[in-house]
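Welcome, and please take a moment to look over the sequence and the model. The short report that follows walks through some of its parts.

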Amino acid sequence: ASMVVGLDGCIKAVGPADVIRNQFSEATFERIIDCSGKCVLPGLVDAHTHPVWAGDRVHEFAMKLAGASYMEIHQAGGGIHFTVEHTRKATEEELFTSLQHRLGRMLRAGSTLVECKSGYGLNLETELKMLRVIERAQKSMDIGISSTYCGAHAVPKGKTATEATDDIINNHLPKLKELKLSGEIHVNNIDVFCEKGVFDLESTRRILQAGKDIGLQINFHGDELHPMKSAELGAELGARAISHLEEVTDEGIVAMARAKCAAVLLPTTAYMLRLKQPQARKMLEEGVIVALGSDFNPNAYCFSMPMVMHLACVNMKMSMNEALAAATINAAYALGKSDTHGSLEVGKQGDLLIINSSRWEHLIYQFGGHEALINYVIVKGKVIYENERCETMSSY
């Protein structure tokens, strides 16, 4: 089989090599890549990341390994609060440089479209700084980005949840609307950490509705540490996606399936924090659209969607086919981009991976092996990463 991507970056043809050879016999090509013995896959889509921050939490990793829970660290002023302190102090330039570096690593691991959240500012000034950094990356880098305002990631020190909610609705969102209209910042999604001791169901409802009113897609954190009825709320508000869902109720699963609200499952989180795994099998059986994300952040420092797919198969009992769909077309759906991204079809954007193997399953089977397996990463038909290692190694 072979495929053709046009100068406009869109896929022109996918099919048997001889048919395409005849169809394009008169055409000239800027570049032809011989994929004999190799596999062509859609670019991976990472449906949930927090890639803009300063202040890693490597010291907290040791505490977690010794048994401290996520909420214990959070309540002791660590966790999100620690990162917020460092992100507030960081310059826009520092944040941009580290974001470029992180997105580069995601790209080399096969991600061609990534959802990027703000949320380590918690005040208007820093949240806008983060969103500007994401905007700069959107304009200057080849990787696709879906931008998410996550000002309700935690309740800032010195405020109650209700005060924080009012601040977001009365100050943050009107400012975002203004910057959206002037074309300075393009935000796609709104997110809230709906959790016991963070934002309760009512605050979450108010913020998400206010975001929806200014044209943002609802895509939020729900039912991670406690059952909060987040899934039921999301289905009711017409959410595009809900992430985490380790503690979702059976009713919530049914409601999401009916509302065609995607479940963004994050196998790194449950693995890292030793939480119970999200019920991927039950969701799939009930007809929920299941997507995957790396949840890259200082708590779960993982850039690699191939590793996320492997964890999803082993720990969440997904099949390799289900995991690949969840990391491509379903993740694109969770970002409202499945009409242009997530599969190799005529008319869609030419985002693809060429892997140095005749079987695509190697991408999941080789845990942490993508460095020598991903041969090319292509965005809009342009090779943006070519892996020298593959040229010297025979195919797997």
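## Ground rules

Two strands count as paired if DSSP finds at least two bridges between them. Strands (E, at least two residues) and helices (H or I, at least four) are DSSP runs, numbered from the N terminus.

This is a predicted model, in which local features need pLDDT of at least 70, side-chain atom pairs count only at pLDDT 80 or more, and totals for chains, interfaces and linings use all residues. Residues are numbered from 1 along each chain as its sequence is written, and side-chain values use heavy atoms, with hydrogens and water left out.

## The sheet

Let us begin with the sheet. Eight strands form an open sheet with parallel pairing, in the order S4-S5-S6-S7-S8-S9-S10-S11. At its edges are strand S4 (44-46) and strand S11 (290-292), each of which pairs on one side only. On average, neighbouring strands of this sheet are turned by 25 degrees against each other, direction ignored. Axes here are lines fitted to C-alpha atoms, for helices over the stretch in contact, and angles run from 0 to 180 degrees between N-to-C directions.

Helix H5 (residues 92-108) packs on the sheet, where it touches strand S5 (111-117) and strand S6 (144-152). The direction of H5 makes about 140 degrees with that of S5. Contact means heavy atoms within 4.5 Å.

Strand S8 (residues 217-222) has five buried residues out of six, so it is largely enclosed by the rest of the structure. Buried means under 20% relative accessible area (1.4 Å probe, protein chains only).

Strand S7 (residues 189-194) pairs with S8 in the parallel sense over four bridges, and Asn-189 stands opposite Gln-217 in S8. Together with helix H8 (residues 201-213), S7 and S8 make a right-handed β-α-β unit. Right-handed means that, with the strands pointing away from the viewer, the path from the first strand over the helix to the second runs clockwise.

S8 also pairs in the parallel sense with strand S9 (residues 241-244), over four bridges. Gly-222 faces His-244 in S9. From S8 the chain crosses through helix H9 (residues 230-237) to S9, in a right-handed β-α-β crossover.

Helix H4 (residues 80-89) packs against helix H6 (residues 124-140) at about 75 degrees, with their axes 10 Å apart. H4 and H6 are therefore roughly perpendicular, a label for angles of 65 to 115 degrees. Thr-87, Arg-88 and Lys-89 in H4 meet Thr-126, Lys-129 and Met-130 in H6.

How values were computed. Buried means under 20% relative accessible area, exposed over 50%, partly exposed in between (1.4 Å probe, protein chains only). Angles under 35 degrees count as roughly parallel, over 145 as roughly antiparallel, 65 to 115 as roughly perpendicular and the rest as oblique.
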